[in-house]
Amino acid sequence: MAKSKSPKRKKLHLTETVDQNGEVSSKKKKKEGPVSVSKTTISVSDEKKTKREKKRRKKSVVETETPHQTSLPKDETTSLEGEEVLNPDEERVLQRKIKKILKKEEKDKLKAEGKTTPKTEAPGPTASQQALDYLTCWSTQRDEWKFQKTRQTWLLQHMFDPDMIPDDKFPILLEYMEGLRGGAKDTTVQKALVLVQESGLAPDDAVVQQRAQRAKEVIQLLT
């Protein structure tokens with residue numbers, strides 16, 4: 001019986017020594033512990049790395065996409081989002097407004113450069129035509145006729161020229177001159193006398209002789 005009990009004490013002693021020293025247990029822990037810890041540490045570190053890489057990738061994607069979004073102007077984005085379909089009348093009005101704006105911009109540019117757009121105006125009646133119309137109105141529509149000094153002056157200056165006052169208008173002019181008074185009458189008579197004198201120097205010139213004939217009729221009328 002004593003022999004059988006002794007080994008039990010040895011086992012107990014071994015177990016006690018093992019518990020107190022902790023060498024065997026530490027060795028076992030060193031063998032078993034690091035394996036489990038290393039696996040967990042490796043897995044945690046790998047997860048952290050993958051998360052960091054994902055974050056970096058997301059940041060790079062966001063950075064590449066955001067410039068395209070921010071590069072669009074506000075007007076274009078709002079117009080695309082809240083775009084309305086216009087009817088034909090509204091489109092015409094819009095086009096007219098755009099044309100007016102463009103014309104104003106062109107005028108402003110020309111003014112800034114010191115240039116002006118040439119105005120295309122319809123040619124008005126000439127001075128000779130206005131004077132002859134004035135004379136015709138005096139003859140045919142006396143109620144509507146009004147005295148105009150500029151028209152009368154032109155008629156008196158060119159009365160001896162058949163190119164300016166045709167032959168069919170000259171008798172009407174003589175009738176008009178019957179009421180001529182003052183300095184206009186005197187200057188007209190003096191001019192007529194000079195033309196009659198010049199006609200004696202050029203008897204073969206048809207134009208000079210025609211003017212002299214008109215001058216003689218004026219002198220006879222006013223003297």
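In this predicted model, the largest pocket has a volume of about 180 Å³. Its lining is made up of Phe 147, Lys 149, Gln 152, Thr 153, Leu 156, Gln 157, Ala 184, Thr 187, Thr 188 and Lys 191, and the elements that contribute two or more residues to this lining are α6 (149-158) and α8 (182-199). Helix α6 supplies the largest share, five residues. Sorted by class, the lining of the largest pocket comprises three nonpolar, five polar and two charged residues.

Helix α6 also packs against another helix, α5, which spans residues 127-140: the axes of α5 and α6 come within 9 Å and cross at roughly 105°. Because angles of 65 to 115 degrees count as roughly perpendicular, α5 and α6 are described as roughly perpendicular to each other. On the α5 side the contact involves Ala 127, Ser 128, Gln 130, Ala 131, Tyr 134 and Leu 135, and on the α6 side Arg 151, Gln 152, Trp 154 and Leu 155. The contact of α5 with α6 has six nonpolar, three polar and one charged residues. Gln 152 is named both in this contact and in the lining of the largest pocket.

| Residue | Place | Relative accessibility |

When residues up to four places away in sequence are left aside, Arg 214 touches Met 159, Phe 160, Asp 161, Pro 162, Ile 165, Pro 166, Asp 167 and Phe 170. With neighbours up to four places away again not counted, Asp 161 touches Arg 211 and Arg 214.

Turning to the chain as a whole, there are nine helices and zero strands, and the pattern read along the sequence is α-α-α-α-α-α-α-α-α. Among contacts in the chain between residues at least 6 apart in sequence, 58% join residues at least 24 apart.

Conventions
Residues numbered from 1 in each chain as written. Predicted model: local features only at pLDDT ≥ 70, side-chain atom pairs only at ≥ 80, totals over all residues. Heavy atoms only, no water. 1 Å grid on protein atoms, 1.4 Å probe; cavity = no way out; pocket = protein on both sides within 12 Å on 5 of 7 lines; lining within 4 Å. Points joined across faces, edges and corners; volume = space filled by probe spheres on them. Helix = DSSP H or I, 4+ residues; strand = E, 2+ residues; numbered from the N terminus. Nonpolar A, V, L, I, M, F, W, Y, C, P; charged D, E, K, R; others polar. Axes fitted to C-alpha atoms, helices over the stretch in contact; angles between N-to-C directions. Parallel < 35°, antiparallel > 145°, perpendicular 65-115°, else oblique. Contact = heavy atoms within 4.5 Å.
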